[in-house]
Amino acid sequence: MSNTFGKRFCMTTFGESHGKAIGCILDGVPAGLEIDEEFIQSELDRRKPGKNAYATARKEPDSVEILSGVFEGVSTGTPIAMVIYNTNQKSKDYSNIKDLFRPGHADFTYWEKYGIRDYRGGGRSSARETAARVAAGAIAKLMLKRVGVEVKSGIFKIGDIEAKEYDFEYAKTSEIFALDPLVESQQKETILKAKEAHDSIGGAALVRATGVPVGLGEPIYYKLDAVLAEAMMGINAVKGVEIGEGVESAKLYGSENNDEMTKEGFVTHHAGGTLGGISSGDTLDIKVYFKPTPSIFKPMKTLNIHGEEVTCELKGRHDPCVAIRGSVVAEAMAALVIADMMLLNMGRKMDDVARYYSKNV
């Protein structure tokens, strides 16, 4: 099982949904970075469950504890280990489905691949693991802030209700991180309607990074846009990723899709901040599409581990729209990718290497 992401700024996560704890180890964090624990906790608070009617009722404080790699508030250059203890598991809610495969979940594929059935909320495949990614992403954000890069996100689509305008400052105040206040109430109604029907609804988030310098990305097999897509597709329930114009570019002529350039910069923004897999210095835009939460409270046909046809009737606490909290995870993963790319890019030119070591020449 692969649990590590990144090449220079590397995150390894551990833990299960209903285990004792989840957490991560960050390797490659430069020494001397001020580690703001209050900021890390605030990022986890944005993602944590049980906050309102639009998220699962599971109430977890998601309190993060730093175990290593930080001394007197500063990174030491050694691996930073963080742990988040699970305190509100209700494993008995899953006892009635311990031998069957929940439709839309990873139960079937994990069973076929590993031959082990951790039925307690999905075990390692649960979105609970993403809290560790948010903690790691918070440290990446602290590093990016030092060089003037900001990563933010918000929800632009719930079901077929789509934002017309993007207001990231407003999204910070919204219960569902809505980017457009004019459609927020409709989006909320759509979520609650699905919840009341014991169903769920899909949604989409926009992640935006500003201040990204030109030159990030390692062609041809570690391109910036390719790794961003990999990072987003690795998040639970994500089924599609677009950079810039995305799939809409397939409808355009080259004369429409090309971003002309002037001394003031790019005239349009179809490329979304990358060219040839390398950051262009323009705003980086990533759209991330989430499927409906597969855990719904409607009877559904399925199979059990013995190959018998049975009915799945779920209990427990689940998000009616996983995209909402998922947007925070997507934001964290984007920060991790950019931080990794910045470290990888530092030695690409001999002039940069010589400048760094000039005191020894």
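Which element gives the largest share of the lining of the second largest pocket? Keep that in mind while you look around. The model on your screen is predicted.

**Stop 1: the whole protein.** Show everything as a cartoon. You will find nine helices and 18 strands. Turn the view along the principal axes: the C-alpha atoms fill a box of roughly 70 × 50 × 40 Å. A compact globule of 361 residues would have a radius of gyration near 21 Å, and this protein agrees because its value is 21 Å.

Stop 2: The accessible surface comes to about 17,800 Å². Carbon and sulfur atoms hold 52% of that area. Now hide the surface again. Of the 361 residues, 48% count as buried. Next, show contacts.

Stop 3: Rolling a probe the size of a water molecule over the atoms shows where empty space is left. The second largest pocket holds about 590 Å³ of space. Select F39, E43, K141, K145 and E150: of the 21 lining residues, these are the closest to the centre of the pocket.

**Stop 4: the lining.** Colour four elements: α1 (37-47), α3 (130-146), β8 (150-158) and α4 (168-173). Each gives two or more residues to the lining of this pocket. Here is the answer to the opening question: α3 gives the largest share, five residues. Finally, colour the lining by residue type. Expect 11 charged residues, nine nonpolar and one polar.

Conventions: Residues numbered from 1 in each chain as written. Predicted model: local features only at pLDDT ≥ 70, side-chain atom pairs only at ≥ 80, totals over all residues. Heavy atoms only, no water. 1 Å grid on protein atoms, 1.4 Å probe; cavity = no way out; pocket = protein on both sides within 12 Å on 5 of 7 lines; lining within 4 Å. Points joined across faces, edges and corners; volume = space filled by probe spheres on them. Nonpolar A, V, L, I, M, F, W, Y, C, P; charged D, E, K, R; others polar. Rg over C-alpha atoms; globule rule 2.2 N^0.38 Å. Buried < 20%, exposed > 50% of the residue type's maximum accessible area, 1.4 Å probe, protein only. Areas by Shrake-Rupley, 256 points an atom, 1.4 Å probe, with all protein chains shown as cover.
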